[in-house]
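Subject: Structure handover

Hello,

Here is the structure for your files. My notes follow below it.

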Amino acid sequence: MFGIHYGSGHLLGVMARDTLKVGGLTIVNQEFGESVYEPGATFVLAKFDGVLGMGYPALAEILGNPVFDNMLAQKTVDAPVFSFYLSRRTSSGSTEGELMLGGTDESMYIGPINWIPVTAKGYWQIKLDSVAVQGVSSFCPRGCQAIVDTGTSLIAGPSNEILSLQQLIGATPTNIGEFFIDCARLSSLPHVTFVLGGRDYTLTAEQYVRKEMLGDRELCFSGFQNVDIVSPEGPLWILGDVFLTEYYSVFDRGQDRVGFAPAKHPSKQ
């Protein structure tokens, strides 16, 4: 038996082994955790069947080769690289994205890839040079650490810094833990820039604000959240889907680095 504790719940399970097929790839003797007990509403309401971990082996709950490591060992991919394209939600509410195993898809991004070395081999952890609001370096001016994680919906950071950032972008707290933003003010809100590998990655308000429909009314919420994760290198930021929707991401196990390039969304083509 094993147990995993998440911020939103926990589960218990047993270890199993089977053949895994992803697209046209087949991985034999893949170990995985088979959940048998999932208390709480989070897993009841979830629209997913499981979690495919793509981190380093040190992050595995149980000792054994994660999926991508088995792909490398069994030579089922062309290169020790995988990459993500996350799309924006369309007017019809549908979304499309792409996970490429073994390479990159040049049709999904613009320009060269900027590479940042991995600083700790557990999560895909890199150095974040600074975070600026409207061009002014407001957070971690001497550098800090960040995790690149498609499994996190928003951009997260230490509570004291995120709460200050929420104030700078005009977000106000709600009684459900969200931060509300006046949709009519989006054009006047500041840009937020993450400096990675010496390059600026800027998000406009249209990009870092989440829009949700409540009946016929549109509501706007901040794409930032406070999550306190302590590491030997200090508090960690998380570059989640709000960031990764705008930037194509490449994870290179061969050279232990993460790459970014502007995603080629329809409006940018």
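Is Cys183 buried, partly exposed or exposed? Cys183 is partly exposed, because its relative accessible area is 23%, and the class runs between the cut-offs for buried (under 20% relative accessible area) and exposed (over 50%), with a 1.4 Å probe and protein chains only.

First, the ground rules. This is a predicted model, in which local features need pLDDT of at least 70 and side-chain atom pairs count only at pLDDT 80 or more, while totals for chains, interfaces and linings use all residues. Residues are numbered from 1 along each chain as its sequence is written, and side-chain values use heavy atoms, with hydrogens and water left out.

Overall picture

The protein has five helices and 22 strands. These are DSSP runs, numbered from the N terminus: helices are H or I with at least four residues, strands are E with at least two. Of its 269 residues, 42% count as buried. The accessible surface is about 14,500 Å², and carbon and sulfur atoms hold 52% of that. Areas come from the Shrake-Rupley method with a 1.4 Å probe; for residues, only the protein chains shown count as cover. Among contacts with a separation of 6 or more, 59% are between residues 24 or more positions apart. A contact means heavy atoms within 4.5 Å.

Cysteines

The count is one disulfide, defined as a pair of cysteine sulfur atoms within 2.5 Å. Cys183 and Cys220 form it, with an S to S distance of 2.1 Å. The link is right-handed, with 115° about the S-S bond. It ties together distant parts of the chain, 37 residues apart. Cys183 lies in the loop between strand E13 (179–181) and strand E14 (192–196), and Cys220 in strand E17 (residues 217–222). Cys220 is buried, because its relative accessible area is 0%. Cys140 is buried at 8%, and Cys144 is buried at 13%.

Aromatic rings

There are 18 aromatic pairs. Rings of Phe, Tyr and Trp (its six-membered ring) pair if their centres lie within 6.5 Å; planes under 30 degrees apart are stacked, over 60 edge-to-face, the rest tilted. Phe82 and Trp124 have ring centres 5.8 Å apart and planes at 85°, so this pair is edge-to-face. The two are 42 residues apart, Phe82 in strand E4 (residues 81–86) and Trp124 in strand E7 (residues 124–128). Phe82 counts as buried at 1% relative accessibility. Trp124 counts as buried at 4%.

Tyr201 and Phe243 make a tilted pair, 6.0 Å centre to centre with 55° between the planes. Tyr201 is in strand E15 (residues 199–203) and Phe243 in helix H5 (residues 241–244), 42 residues apart. Both are buried. Tyr201 and Phe243 also belong to a cluster linked by ring pairs, with Phe139, Phe194, Trp237, Tyr247 and Phe260.

Around strand E22

Strand E22 (residues 257–262) runs antiparallel to strand E6 (residues 114–121), joined by four bridges. Two strands pair if DSSP finds at least two bridges between them. Trp115 has Gly259 in E22 as its bridge partner. The charged end of Arg257 sits over the Trp115 ring, 3.7 Å from its centre. That calls for NZ of Lys or CZ of Arg within 6 Å of the ring centre and within 35 degrees of the ring normal.

Strand E21 (residues 247–252) is also antiparallel to E22, with six bridges. Phe251 stands opposite Val258 in E22. The hairpin of E21 and E22 has four residues between the strands, and Asp256 there takes a positive phi near 50°.

Best wishes
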